[in-house]
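Please read the report below alongside the sequence and the 3D view. It goes through selected residues, helices and contacts in turn.

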Amino acid sequence: MAQRSSGIGDVLGDIRAFANGFKTTFQALLTKPVTVQYPEQRITMAKRYRGLHKLLRYSDGMEKCIGCSLCAAACPAKAIRVVAAENTESERYSPGERYAAIYEINMIRCIFCGYCEEACPTGAIVLGQQYEISDYHRDDFIYGKDRLLVPFTSRPRETETENAYAGDVEAAPEAMGAR
Amino acid sequence: MDVLGGAGGLLTLVSPLGAVLGAQSLDAFVVVEAIIYAALLAFVLVTGFAYSTLLERKLIGRMQVRYGPNRVGPYGLLQPAADGVKLFFKEDVVPATVDRPTYFLAPMIMVVTALLAFAVIPIGPTFNIAGHPVELALMDVNIGILFTLAITSITVYGIVLAGWSSNNKYSLLGGIRSAAQMISYELAIGLGLVGVLIISGSLSLQDIVNQQDKIWTINAFRTPIGFIVYLLAGIAETNRAPFDLAEAEGELGAGYHTEYVGMRFGMFFLAEYVNMITVSAIATTFFLGGWQGPWVGTIPILGVVWFILKVFLGMCGYMWLRATLPRIRYDRLMRLGWLVLLPLGIANVLWASFFYALWQTFGWV
């Protein structure tokens with residue numbers, strides 16, 4: 001292996017390179033660590049973060065979901081199950097003719113791609129910021145309307161800090177025959 | 001009593017009790033002191049090993065702009081305990097085709113030599129308890145450093161036997177490479193230390209430390225080349241980054257401790273870190289003045305504090321190197337040992353002789 005011998009200039013240059021390296025690590029030692037101490041601290045997710053799903057309501061309490069099951073058709077993992085039922089005058093859940101009587105998402109099959117959110121005509125199913133959805137038993141991962149539907153409060157709500165969708169609190173459009 | 005003294009002189013190489021027997025008077029106080037000191041030393045070294053693993057992880061973490069382990073206890077202080085428990089509870093798998101006596105012997109050799117090499121190092125000045133002088137070295141024999149160098153040479157046996165008895169071609173090769181590296185750098189270590197020996201005129205570590213009482217008598221200033229040679233060779237001797245190709249092979253393919261699991265692997269780990277502590281301790285003893293420091297004359301126990309501080313800085317230096325430098329390829333490593341450090345070591349001996357001659361002739365410091 002032919003190499004020319006290192007002169008003193010080469011040696012000094014190498015020593016300067018080493019010193020540079022040591023200076024870098026030493027300065028890193030004096031830098032505040034960038035670690036986020038989970039679970040005591042959490043990072044705020046981006047506005048468009050695709051976390052746990054939510055079934056939204058209008059500001060008067062009516063569910064936005066009309067049971068059209070376009071989300072189930074769009075889902076690449078076939079994780080959504082929708083069974084629609086007719087709204088009657090005495091029992092009305094959503095403005096319009098139909099509502100989702102059964103709405104289930106299998107969180108193990110779900111890949112959190114957001115296609116259901118894109119497909120929904122009313123903006124009922126959206127993906128929120130929640131990502132801590134671990135559980136112990138496989139059967140507990142099938143979320144029904146009881147876990148997906150957002151709760152209704154009669155007083156006006158501020159926009160939730162965890163969801164940037166203004167659609168959370170909008171009024172029902174006139175065209176749907178809302179009360 | 002003289003026969004006892006002679007036999008004791010030989011036994012000194014084998015056990016601390018030998019140091020006791022070699023003493024001219026078989027004083028009960030000396031026996032008690034030796035036993036207490038030996039037990040304390042073993043305990044301190046093993047605890048030091050445990051917490052130097054934590055220091056490494058936290059220090060290297062901080063150099064990588066992250067926290068080290070901080071979950072297990074406050075600031076991660078119970079992490080070594082958790083690691084120890086984990087290693088103990090691992091299943092003790094012994095491969096069927098290993099050479100059983102050697103397989104079990106190799107980690108023992110590593111641990112014993114690692115702990116024993118520390119026996120001659122003085123950690124503090126000699127002071128008096130109830131009229132008896134108490135030396136803060138387990139044995140201050142007049143062959144001092146020769147003892148430590150001999151013991152660390154036996155470590156090579158541990159590595160080769162570990163690799164060989166594993167009945168695994170790759171472990172064997174890894175063990176041989178690691179052993180070759182250690183043997184090569186022992187020469188450089190010796191030459192780095194010879195410079196100090198020429199200036200001090202004694203192999204005994206107590207004498208070497210006692211002579212470094214003023215700031216201009218510190219051997220790092222008198223034999224700077226020797227200091228650097230010793231540090232580099234010491235890092236290579238302990239198979240630490242950037243000279244840790246033998247260890248990395250354990251991650252990449254095989255190394256001499258591949259076939260070891262659980263606490264048996266922990267023994268190799270312990271031996272490595274205790275060797276690091278020993279190299280740091282010898283570097284501070286020879287080149288940085290050992291336990292010397294300000295105000296040691298008035299408060300003798302402060303000497304122990306200075307010693308621990310210097311060894312701690314040495315350990316931090318080890319970890320700083322590991323965090324900063326990439327690994328050196330094995331053939332370049334060997335070239336460094338034979339073609340750079342050996343000539344520098346010889347140059348160091350020449351310089352030390354020259355310096356000593358001038359010092360003796362003209363009375364310079």
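B:Tyr75 is partly exposed, with 14 other C-beta atoms within 10 Å. By the rule used here, a residue is buried if 20 or more other C-beta atoms lie within 10 Å of its own, exposed if 12 or fewer, and partly exposed in between, with C-beta atoms placed from the backbone. B:Tyr75 is not a glycine, yet its phi is positive, about 55 degrees. Its place is the loop between helix 3 (28-63) and helix 4 (79-89) of chain B. Helices (H or I, at least four residues) and strands (E, at least two) are DSSP runs, numbered from the N terminus.

B:Trp295 is also not a glycine and has a positive phi of about 65 degrees. This residue sits in the loop between helix 12 and helix 13 of chain B. B:Trp295 is exposed, since 11 other C-beta atoms lie within 10 Å.

## Model and confidence

This is a predicted model, in which local features need pLDDT of at least 70, side-chain atom pairs count only at pLDDT 80 or more, and totals for chains, interfaces and linings use all residues. Residues are numbered from 1 along each chain as its sequence is written, while chains are lettered from A and ligands numbered from 1 in the order in which they are written.

The model scores ipTM 0.79 and pTM 0.83. Chain B has a mean pLDDT (the predictor's confidence in each residue, from 0 to 100) of 87, and 90% of its residues reach 70 or more. Within chain B, confidence is lowest in helix 1 (residues 2-11), with a mean of 45, and highest in helix 10, at 95. Over residues 1-12 of chain B, pLDDT stays under 50, and the model has 15 contacts beyond four places in sequence for them. Two residues are in contact if their C-beta atoms, placed from the backbone, lie within 7 Å.

## Helix 10 of chain B

How many of the 14 residues of helix 10 of chain B are buried? The count is 11, so the helix is largely enclosed by the rest of the structure. Among them are B:Phe227, B:Tyr230, B:Leu231 and B:Ile235. The buried residues of this helix pack against helix 7 (169-200), helix 9 (219-222), helix 12 (262-287), helix 13 (302-324) and helix 14 (330-362) of chain B.

After helix 10 of chain B comes B:Asn239, with a positive phi near 55 degrees. A cis peptide bond joins B:Ala241 and B:Pro242, with omega about 0 degrees. B:Pro242 belongs to the loop between helix 10 and helix 11 (245-252) of chain B.

## Chain A

Chain A contains four helices and five strands, arranged along the sequence as α-β-α-β-β-α-β-β-α. Of its 179 residues, 20% count as buried. A cis peptide bond, with omega about 0 degrees, joins A:Tyr38 and A:Pro39. A:Pro39 is in the loop between helix 1 and strand 1 (53-55) of chain A.

## Where two helices of the chains meet

A:Gly21, A:Phe22 and A:Thr25 in helix 1 of chain A meet B:Trp320, B:Ala323 and B:Thr324 in helix 13 of chain B. The residues of this contact divide into three nonpolar, three polar and no charged. Here Ala, Val, Leu, Ile, Met, Phe, Trp, Tyr, Cys and Pro count as nonpolar, Asp, Glu, Lys and Arg as charged, and the others, Gly among them, as polar.
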